[in-house]
Amino acid sequence: MAVSGLIMLGYLLVHMYGNLKFFQGEEKFDSYLHETLPHMFYPYLPEGGALWIIRVLLLVALVVHVYCAANLWRRNKAAAGYVGGKRYHTTQNKTGIQRSYASFTMRWGGVVLLLFIIGHVAQMMPNWLSPGGASDSKYDRVVNGFEIWWVVLLYTIGMIAVGFHLAHGFWGALMTLGQNRSATRRGSRWTPIAIGLATLITVGFLSVPFAVFFFGAGS
């Protein structure tokens, strides 16, 4: 689960960088998506080959991540002593390692993220799901979609869920892989890094829809 999560985190950083090219204008944004990306590592790979490798890798990482999440939830439920839908109660460890809002929202936040990914992929497919109007230009589809308040709202909810998921997930992944040995969250040097990384990605992704909706970018 840790490794698959870090793979998707790496993709998010690259994806955010690509999204920010929106601010360079329609020509450069569409050129990046239609020309630069399909020709990555060409001629060592055929046209579009690198993109298909990335897609397959991401799909495998997503399936592994979801499977591990379900399996770990089942094992944790059994280990925690759930009987008849209830578990034991304790007043201990109120501020222990796992006590944060992000950690408590991982499960349902993951469900929100899965739905968000499905919707986002559908929106980016050529004129498959095009709120605001279809277009052969992805730049135009981005502008058309983010001029609608409910599209911006859903995207914002999805990205906030991403932020919370990353804030705990990155921290926990490093603990799983033996790089985070702190006894408490506050005492870990990775905590501010995890929060900063989650904030960077959330703000970076939200900058485009907010620029379109509130400031008329691309209009």
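In which helix is the place of Trp-149? Trp-149 sits in helix α7. The points below start with the whole chain and then turn to single sites.

1. Basis. This is a predicted model, in which local features need pLDDT of at least 70 and side-chain atom pairs count only at pLDDT 80 or more, while totals for chains, interfaces and linings use all residues. Residues are numbered from 1 along each chain as its sequence is written, and side-chain values use heavy atoms, with hydrogens and water left out.

2. Overall make-up. The protein has 8 helices and 0 strands. Read from the N terminus, the order is α-α-α-α-α-α-α-α. Helices (H or I, at least four residues) and strands (E, at least two) are DSSP runs, numbered from the N terminus.

3. Burial and contacts. The protein has 219 residues, and 38% of them count as buried. Buried means under 20% relative accessible area, exposed means over 50%, and partly exposed lies in between (1.4 Å probe, protein chains only). Take the contacts between residues at least 6 apart in sequence: 66% of them join residues at least 24 apart. Contact means heavy atoms within 4.5 Å.

4. Surface. Accessible areas come from the Shrake-Rupley method with a 1.4 Å probe; for residues, only the protein chains shown count as cover.

5. Nonpolar patch. Val-112, Trp-149, Trp-150, Leu-153, Leu-154, Ile-157, Phe-213, Phe-214 and Phe-215 form a nonpolar patch on the surface. Together they have about 990 Å² of accessible area. Patch residues have over 30% relative accessible area and no salt bridge; like charges are joined within 9 Å, and nonpolar side chains (Val, Leu, Ile, Met, Phe, Trp, Tyr) within 5 Å. A salt bridge is a side-chain nitrogen of Lys or Arg within 4 Å of a carboxyl oxygen of Asp or Glu.

6. Who builds the patch. Helices α7 (149-176) and α8 (190-215) each supply at least two of its residues. The most come from α7, with 5 residues. Why does Trp-149 count as exposed? Because its relative accessible area is 57%.

7. Packing of α1 on α8. Helix α1 (residues 2-19) packs against α8 at an angle of about 35°, and the axes are 9 Å apart. The contact is made by Leu-9, Leu-12, Leu-13, His-15, Met-16 and Asn-19 of α1. From α8 come Leu-197, Leu-200, Ile-201, Gly-204, Phe-205 and Val-208. Axes are lines fitted to C-alpha atoms, for helices over the stretch in contact, and angles run from 0 to 180 degrees between N-to-C directions. The crossing of α1 and α8 is left-handed. That term applies if the near helix is turned anticlockwise from the far one by less than a right angle; clockwise is right-handed.

8. The loop between α2 and α3. Phe-41 lies in this loop. Its phi is near 60°, a positive value in a residue other than glycine. Phe-41 is exposed, because its relative accessible area is 58%. Pro-43 is in the loop between α2 (26-36) and α3 too. A cis peptide bond joins Tyr-42 and Pro-43, with omega about 10°.

9. Leu-51. This residue belongs to helix α3 (residues 49-79). Leu-51 counts as buried because its relative accessible area is 17%. Neighbours within four places in sequence aside, Leu-51 is in contact with Leu-37, Pro-38 and Met-40. Leu-51 and Met-40 are 11 residues apart in sequence, and their C-alpha atoms are 7.8 Å apart.

10. Two methionines. Met-125 is in the loop between α5 (106-124) and α6 (138-146). Met-125 is partly exposed, at 37% relative accessibility. From Met-125 to Lys-138 is 13 residues in sequence and 9.1 Å in space, C-alpha to C-alpha. Met-175 is in helix α7. Met-175 is partly exposed, with a relative accessible area of 26%. Met-175 and Ala-2 are 173 residues apart in sequence, yet 9.0 Å apart in space, C-alpha to C-alpha.
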